[in-house]
Amino acid sequence: MTLEDLERRVRAVEDRLAIIDVIASYGPSADSADGPWLRSLWAADGDYSFDTTRMPAAELEGLVELPSHQDYLAAGCGHLLTTPHIVIDGDRATAVNHSVVLVHEGDAWKPDRLSANRWELVRTDDGWSVQRRTNSLLDGRAAARGLLGRP
Amino acid sequence: MTLEDLERRVRAVEDRLAIIDVIASYGPSADSADGPWLRSLWAADGDYSFDTTRMPAAELEGLVELPSHQDYLAAGCGHLLTTPHIVIDGDRATAVNHSVVLVHEGDAWKPDRLSANRWELVRTDDGWSVQRRTNSLLDGRAAARGLLGRP
Amino acid sequence: MTLEDLERRVRAVEDRLAIIDVIASYGPSADSADGPWLRSLWAADGDYSFDTTRMPAAELEGLVELPSHQDYLAAGCGHLLTTPHIVIDGDRATAVNHSVVLVHEGDAWKPDRLSANRWELVRTDDGWSVQRRTNSLLDGRAAARGLLGRP
């Protein structure tokens, strides 16, 4: 084994941890209503598709200002994401995981959205960024289940 | 410090990340109903115990075909697992974490199962695999709590 | 690149994985009612603030004996934490994540507490430890959202 061999292995674990951290940042950015932080997780030309909406990265700063998001924040909410299964291929990666939005209601919190997520990520000069996130409600539709398919 | 010392440390972080990824793969494999993928997480002679059932790895491909699982998929479901606490000892490891199954019902998702999990993992020629997973409902029984005991 | 450069990078990934593991240990320690384990996650002079309570580390062993915690255990409960977003600065680190407590009720589990968490961690001779954890219910109050702010 050479130093160069070992450096490649270190880079692989750095990549994996960086991707875990990018995805772990989404919930805190959404629930602290920090639009610039949320947007910074995406590549400049990336996008985010959920329900029937597709938002380009340039508009993601405004996601936390949407009436639906403001209602969540006022009631009390949490965007919880599971640790993704990740497959890295050079400067590209695919990750799959679940997300659930819990909203305060009465004396408890209601699971208001449960979604499948598929993330396409790309290595940029600023580290790993989201090129595309696709989110679909796990309400029985086959398309949502398909997002969780083996990368 | 020598290159060999550092290689041992790199191997330890690779091991930990590989185990995190194996366990993070369970939910997506179950919810995309990919039996071969789900089975591939286990060692050939491994097993999975839940409730009063013990399934050997050879039968795990059929887990996603069970009527109870098909009902979950039709309704809309998510098997969410937390990131495990992991203790590695050479070619063996023990991990403990929680899992929750959310099922679509009415206008929300119902936490239908909350379980404690104890995973025994083993290093194989194909990487880390599950030798034994034991899952028990956290409904007040002491045995379930015991699964989460410090490895 | 030198061996020393690479060692610094390995140390950075070791740090990150150690912090992930400390935080992943909280739920299992709480739900297996292992007070000494739970306390061991904290630095000797650390503390844990939740609701209107501030417990010094020296008292954390007793957290699992509190009537509220014993009621949770008897009913069946899970303290689920998401993987944190982590920023490391030398021998200090800050992490932010969500936690949710699910409690058995009827034929399901009720999300009884949803909280924002901010963790200040410190490198000790025994590895990374919690210096301060601040936990606040996400019930609409701005202070809770603030805990999730970008470190």
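Chain B and chain C bury about 2700 Å² between them, 67% of it on carbon and sulfur atoms, where buried area is the accessible area (1.4 Å probe) that two parts lose on being put together, summed over both. In chain B, the residues that lose the most area to chain C are B:Arg9, B:Leu114 and B:Arg150, which together account for 19% of what that side buries. The model is predicted, so that local features need pLDDT of at least 70 and side-chain atom pairs count only at pLDDT 80 or more, whereas totals for chains, interfaces and linings use all residues. Residues are numbered from 1 along each chain as its sequence is written, chains are lettered from A and ligands numbered from 1 in the order in which they are written, and side-chain values use heavy atoms, with hydrogens and water left out.

The interface of chain B and chain C brings 32 residues of chain B into contact with 35 residues of chain C, contact meaning heavy atoms within 4.5 Å. Four salt bridges are found across this interface, a salt bridge being a side-chain nitrogen of Lys or Arg within 4 Å of a carboxyl oxygen of Asp or Glu. In one salt bridge, between C:Glu7 and B:Arg9, the closest N and O atoms are 2.9 Å apart.

On the side of chain B that touches chain C, at least two residues each come from α1 (3-31), β4 (85-89), β5 (92-105) and β6 (108-124) of chain B, where helices (H or I, at least four residues) and strands (E, at least two) are DSSP runs numbered from the N terminus. The most is given by α1(B), with eight residues. Helix α1(B) has 29 residues and reaches 42 Å from its first C-alpha to its last, close to the 42 Å expected at 1.5 Å a residue, the expected span being 1.5 Å times one less than the number of residues. Because 21 of these 29 residues are buried, α1(B) is largely enclosed by the rest of the structure; buried means under 20% relative accessible area, exposed over 50% and partly exposed in between (1.4 Å probe, protein chains only). After the helix comes B:Ala33, with a positive phi near 55°.

Between chain A and chain B, the area buried is about 2700 Å², with carbon and sulfur atoms giving 67%, and the contact takes 32 residues from chain A and 35 residues from chain B. Four salt bridges cross this interface, and in one between B:Glu14 and A:Arg9 the N to O distance is 2.8 Å. A network of salt bridges links A:Glu105, A:Lys110, A:Asp112 and B:Asp107.

Over all chains, 45 salt bridges are found in the whole structure. In chain C, C:Glu61 and C:Arg39 meet in a salt bridge of 3.4 Å, N to O. Since C:Glu61 lies in the loop between β2 (53-56) and α3 (67-75) and C:Arg39 in helix α2 (residues 35-40), the pair ties together parts that are 22 residues apart in sequence. C:Glu61 is partly exposed, at 35% relative accessible area, and C:Arg39 is also partly exposed, at 34%.
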